[in-house]
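Trainee: I would like to learn how to read a few features of a structure. Please take them one at a time.

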Amino acid sequence: MNICLLSGSTLGSAEYVAEHLETILKTQGFSTALFHGASYDDVIGEPLWLIVTSTHGAGEIPYNLRPLFDQIAQSHLDLSHLRFAIVGLGNSDYDTFCYATNHIENILEQKGAVKLCETLKIDVLHVEDPESHSEQWLPLFIQSIT
């Protein structure tokens, strides 16, 4: 089974986390495909998504992921074939903490996609190493797909 990793990042932190998780998944024998800002045609046929995203500006999905999720939100797609999990990065000083994570989750669930496990929300104010923090969450994701 192929795990499609999608990263949405403005400053690069989510990309680093996605790359770290991909490395671990590969060492555990999983097949992966990593997209930093996926296009609709690249990923819409993939049945398993691991999304790693920051929140940009006033709680928005980062620019490199926004076109994909705008297209999904505006479509009449049935995504009941899609299973997904999300790792979100944010700053709890803002009242829009991890809002992009919530927004992506809502869009996918409205189209019938199934969330596999609890979303990991990393508060960069309190977590010095988001890569290691996400690594501790990864077994929860792996358990949900095996």
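Mentor: Helices (H or I, at least four residues) and strands (E, at least two) are DSSP runs, numbered from the N terminus. This is a predicted model, in which local features need pLDDT of at least 70, side-chain atom pairs count only at pLDDT 80 or more, and totals for chains, interfaces and linings use all residues. Residues are numbered from 1 along each chain as its sequence is written, and side-chain values use heavy atoms, with hydrogens and water left out.

Trainee: How many residues does helix H4 have, and what does it reach from its first C-alpha to its last?

Mentor: The expected span of a helix is 1.5 Å times one less than its number of residues. Helix H4 (residues 99-110) has twelve residues and reaches 16 Å, close to the 16 Å expected.

Trainee: Which residues of H4 are buried?

Mentor: Buried means under 20% relative accessible area, exposed over 50%, partly exposed in between (1.4 Å probe, protein chains only). In H4 the buried residues are Ala-100, Thr-101, Ile-104, Glu-105, Ile-107 and Leu-108. They are on the same side of H4 because they cover an arc of only 165 degrees around the axis, taken from the directions from the helix axis to the C-beta atoms.

Trainee: Where is Glu-135, and what is it in contact with?

Mentor: Contact means heavy atoms within 4.5 Å. Glu-135 lies in helix H5 (residues 130-145) and is partly exposed, at a relative accessible area of 34%. Leaving aside neighbours within four places in sequence, Glu-135 contacts His-20, Leu-21 and Ile-24. The C-alpha atoms of Glu-135 and Ile-24 are separated by 8.0 Å, although the two are 111 residues apart along the chain.
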